[in-house]
Amino acid sequence: MIFTAVLLAVFGLGLVGWFAARARARLLYTGRGSMHSMPGYHGWHMALWIVAPALLAWGVWSAIMPGLVESAVLADPAAAQLPPDAMNRAAILADANAIASNPDAVAFNPLSNALAEPMRAAQQRFGLIGSLLVVIAALAGGGYGFTKLRAGFPARTQVERAVLGLLLTASLMAILTTFGIVASLVFEAGLFFRDVSPIAFLTGTHWAPGNAAGADLDENFGAVPLFWGTIYIGAVIAMLVAIPLGLMSAIYLTQYASGRIRKILKPILEILAGIPTVVYGYFAALTVAPIIRDFAGSMGMANPSTESALAAGLVMGVMIIPFVSSMADDALAAVPRAMSDGSLALGATKSETIKKVLLPAALPGIVAGVMLAISRAIGETMIVVMAAGAAARLSVNPFDSMTTVTYQIVQLLTGDQEFNSPKTLSAFALGLVLFIVTLILNIIALRVVKRFREAYD
Amino acid sequence: MTDAGWQSPEFARRLAKRHAAERRFKWLGFSAIALSLAFLALLLFIMLRNGLGGIDWQFLSGSDSTSANVAGVWGATKGSLLTMLVTLLLSFPMGVLAAVYLEEFAPKNRRWVEWVEVSINNLAAVPSIIFGLLGLAVFINTLGFPRSSPLVGGLTLALMTMPVIVISGRNAIKAVPPSIRDAALAIGASKVQTVFHHVLPLALPGILTGTIIGMARALGETAPLLMIGMRAFVATPPGGITDPSSVLPMQIFLWSDEIDKAFVQNTSAAIIVLLVFLLAMNGLAIYLRNKFEVRW
């Protein structure tokens, strides 16, 4: 691409400018003995003035160039045969674009082939104009920077101001990402809620997006079975595993284990948190699920399914153990030493102290940790995709196959892609619900932890 | 009380009961941790038993295929490396610069600074699949980047990794004692010089440790990549960051869906390869921490 070459040239120019300005500033320096800024800063000032305007020009031009190319192609006589509706038009133009950049590409419409040549010509023409503009911007910026190069010029202050701007931009990225998440979810979910009423979505109990069409949309997008499956797997089964095991592990590690044993066991326990979820999912599907199916069979259930809520929840619980354990660890450590010392001094045994003094005192912290763990479990995707199943049903039988919000998002968005159908848009509505719920859980938990810490400080 | 109550048989019985409860409780704690570790051992054992036989040169150098005995992981590994490269190049500078700003330059008690901090803490806890939805809506549908390419995958994972780097970076910068800053400022360095010449180099080992841990998490991530379509069957290793490609965890997921039993060995072998990568990265992080960590 011509643009890559131009960008490289701009950075080359910047480098040249850096050396040139530094050398000139050094000349100014000799015999004078004092300047506002070190020569290196004059170099940076120069380089910034070359690169920044050029990058700006490049960004602006890349944003407007596709439009210019398209209007040039539409002006071509061959474009008169384009079909009037926007959808087909865009498809043919996209095809022509693919052929223009890669002659071997296959066209679905002969018109694309005819348009490829004008497309390529237009791209070349506007690419050349754009490159010229970028180079001109670089040179103009460099020229301006060069006129500033004087002994008393505060180059360092200027460069530092630019650095601060860069730092500020980087930290605003976080807000931008949050905003991007909220905006894209709300926008796409808004499109979905134009077709399906939010009340039907949040309170309906029948989920069958596959056969939703026409007027009965509301009846097939009831998400309650999904919410139930998510809560049952993530907040009930997984927590029944993770809370006792995680809490007892934390108690053993902090209260009973010697320093050496703790140093060995804790990192090994942390490995559980570092294993990718796809590995857990595979383990659940390959090993845990068949065991549970056989167990359900031996309990007298008629054709138990391989995919069960229990298999997914169990493995998910194990995955969360180190998280619960380290949260409980923090909560226990925050309880003042004097409280447990007082209890021990009165003659209580260690376990009595833990049960009657430490745990009640650490309870807010532990509850907050459990909330964070739940928010993690309900957002977990791969384990449920591989082990929980697709059947949307309201059931309390852990051996049943159940589906979750995350499973359905994956299902809806990885099938055939017709982007604006209610089926795919419903995934964003589910995503929005998931985002809001995890956000609320996180905010409450962080508040509780903060207040809890303050109470004992 | 003439008779010492604490010598009566009734008291002794009660004491014995309490001590038994004490032992029971301790044993309960130990068995909780033993059970967790036994699960880990079982998981590793089953993967090793199923997969170790499948690792040979053919497997390590081949790409995906419909037949299990010629399929390999190099294509997916290369995809993972390219994706991680994009992620690292974006999230590391962004994360470090944001951490520096928030820790050293941000005005205190301003509403918008608080918003930045809150959103970073929340982003670190947002489910990964949500980032996948963001990537799908923004990078693919709005900006029109090529589907299932390491470029889009890397961008999406970078947004996910950045908060981790910011948080660990802030902790590392906070750990540098103020005397270092005071010394630099006292001999005439500007605030920017102080930070970039003195504070940042001293905080770098801590930042790197956090970065490696964040990258390890991104390497094992599957769900967001599923959203942006990185589940295509790719029989040749990707040539660049805009080619369609797969990544290691996605390869594991795709193979685990195969009905052919022969893919069980491939899946487990790919899991071993992925775990070896993760182990190496975490080992490096621990090594860095132990070697360069300074206790002030």
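**Exercise 1. Into which domains is chain A divided, and where are their bounds?**

Before starting, note that this is a predicted model, in which local features need pLDDT of at least 70, side-chain atom pairs count only at pLDDT 80 or more, and totals for chains, interfaces and linings use all residues. Residues are numbered from 1 along each chain as its sequence is written, while chains are lettered from A and ligands numbered from 1 in the order in which they are written.

*Solution.* Step one: find domain 1 of chain A at residues 2–153 and domain 2 at residues 210–456; such bounds come from an automatic or database domain assignment.

**Exercise 2. Describe the contact between chain A and chain B.**

*Solution.* Start with the counts: 66 residues of chain A and 63 residues of chain B take part. Here two residues are in contact if their C-beta atoms, placed from the backbone, lie within 7 Å. Next, look for the main contributor on the side of chain A: helix α5 (residues 155–195) gives the most, with 20 residues. Helices (H or I, at least four residues) and strands (E, at least two) are DSSP runs, numbered from the N terminus. Finally, sort the chain A side by residue class, which gives 43 nonpolar, 19 polar and 4 charged. In this sorting, Ala, Val, Leu, Ile, Met, Phe, Trp, Tyr, Cys and Pro count as nonpolar, Asp, Glu, Lys and Arg as charged, and the others, Gly among them, as polar.

**Exercise 3. Work out the overall build of chain B.**

*Solution.* Count the elements first: chain B has 11 helices and 0 strands. Then compare spread: its radius of gyration is 26 Å, well over the 19 Å that the globule rule gives for 296 residues, so chain B is more spread out than a compact globule. (The radius is taken over C-alpha atoms, and the rule is 2.2 Å times the number of residues to the power 0.38.) Along the principal axes, the C-alpha atoms of chain B fill a box of roughly 90 × 70 × 35 Å.

Now turn to the domains. Chain B is assigned domain 1 (10–54) and domain 2 (60–292), with 35 Å between their centres, taken over C-alpha atoms. Where they touch, 7 residues of domain 1 of chain B meet 7 residues of domain 2 of chain B. The domain 1 side consists of 3 nonpolar, 4 polar and no charged residues.
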